[in-house]
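Open the model in your viewer and switch to a cartoon view. Keep side chains ready to display.

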Amino acid sequence: MVKFEEFEIELITNELKEYLKQNKQITETTNVMAILRERTDFFKEQYTIIEETIHNYLTYEETIKNETDIKNIINELENIEEKQKGVFTKANVIVSIISTVIVLIGSGNVDETIGFVMIFYIVYGLIFAYISKYIGLKKGIESGYIWGYFLGLIGLFVVCALPSENKEEINVVSNNNKYEDLEKLQKLKENGIITQSEFEVEKAKILK
């Protein structure tokens with residue numbers, strides 16, 4: 001999962017507040033996301049997370065009408081990485097339990113040798129699923145569990161070979177073009193999204 005930095009959270013908060021100020025309430029995601037995409041420069045995965053979070057909130061609350069609602073949405077964005085970054089996520093554990101139960105039930109209805117092979121393969125798959133998940137998380141790859149679960153050792157090799165998606169590493173490439181980053185930063189300041197002091201801090205990071 002792509003992490004939201006502190007200044008990105010602040011940008012999202014400010015844009016939602018500005019939209020609320022002009023439109024009184026938010027009842028659907030389309031226009032909000034159009035504005036966010038126009039005024040910010042996040043990764044595709046980040047926009048997807050923002051859109052899903054707002055959509056889920058509207059599904060239950062129907063409208064976003066004040067700063068308390070915005071704060072709740074921002075809390076969800078700040079917590080989402082903590083909820084999904086672990087090796088033993090809720091989804092993974094459920095899949096593991098269901099798979100194990102099915103295999104145990106199935107192995108009791110077949111020949112002893114076949115039953116042993118079934119149990120061996122489910123244990124084999126789960127071991128490599130969690131190892132692949134762990135390595136994948138280190139590289140910013142969320143699909144490690146799936147690779148390991150279905151392909152075992154081969155899946156582990158695939159995860160190890162996949163390019164890292166960590167934002168920190170991607171930023172190394174981005175920072176090679178400092179003038180481009182400075183230009184984006186300048187636009188944020190001109191649009192009033194960040195303050196002069198914030199501009200100076202981010203500028204120093206780019207130039208160091």
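This tour goes from the cores to the helices, the loops and a cavity. The model is predicted.

**Stop 1: the main core**

Select I12, I26, I50, I54, I64 and L77. These residues touch the most other members of the largest nonpolar core, which has 30 residues. At least two core residues come from each of α1 (6–23), α2 (30–39), α3 (44–61), α4 (67–84), α10 (178–190) and α11 (196–207). In soluble globular proteins, nonpolar side chains tend to be buried together.

Centre on I54. Which residues is I54 in contact with, leaving aside neighbours within four places in sequence? Show L16, T29, V32, M33, I64 and I73: they are the contacts of I54.

**Stop 2: the second core**

Next, pick V103, L126, Y130 and Y149. They are among the 7 residues of a second, separate core.

**Stop 3: helix α7**

Then step just past the helix to G152, which takes a positive phi of about 60°.

**Stop 4: aromatic rings in α6**

The structure holds 8 aromatic pairs. Take F120 and Y124. Their ring centres are 6.1 Å apart and their planes meet at 20°, so this pair is stacked. Both residues belong to helix α6 (residues 112–138). They sit 4 residues apart, about one turn of the helix. An α-helix has 3.6 residues a turn, so residues three or four places apart point the same way.

With F120 and Y124, they form one aromatic cluster.

**Stop 5**

Most residues other than glycine have a negative phi. Two residues to check here go the other way.

- Select K24, in the loop between α1 and α2. K24 is not a glycine, yet its phi is positive, about 75°. K24 is exposed, with a relative accessible area of 65%.
- Select E62, in the loop between α3 and α4. E62 is not a glycine either, and its positive phi is about 75°. E62 counts as exposed at 63% relative accessibility.

**Stop 5: a buried glutamate**

Go to helix α11 and find E202. Its relative accessible area is 17%, below the 20% cut-off, so E202 counts as buried. What is E202 in contact with, leaving aside neighbours within four places in sequence? Display F7 and L185: E202 is in contact with both.

**Stop 6: the cavity**

Rolling a probe the size of a water molecule over the atoms shows where empty space is left. The structure holds 1 cavity of 30 Å³ or more. The volume of the largest cavity is about 30 Å³. Select its lining: E15, E18, Y19, Q22, I35 and R39. Which helix gives the most to this lining? It is α1, with 4 residues. Both α1 and α2 supply at least two residues of the lining.

Notes:
Residues are numbered from 1 along each chain as its sequence is written. This is a predicted model: local features need pLDDT of at least 70, side-chain atom pairs count only at pLDDT 80 or more; totals for chains, interfaces and linings use all residues. Side-chain values use heavy atoms; hydrogens and water are left out. A nonpolar core is a set of buried Ala, Val, Leu, Ile, Met, Phe, Trp, Tyr and Cys residues joined through side-chain atoms within 4.5 Å. Buried means under 20% relative accessible area, exposed over 50%, partly exposed in between (1.4 Å probe, protein chains only). Contact means heavy atoms within 4.5 Å. Rings of Phe, Tyr and Trp (its six-membered ring) pair if their centres lie within 6.5 Å; planes under 30 degrees apart count as stacked, over 60 as edge-to-face and the rest as tilted. On a 1 Å grid over the protein atoms alone, a cavity is a set of points where a 1.4 Å probe fits but cannot get out, and a pocket is an open set with protein on both sides within 12 Å along at least five of seven lines; lining residues have an atom within 4 Å of a point. Grid points are joined across faces, edges and corners, and a volume is the space filled by probe spheres set on the points.
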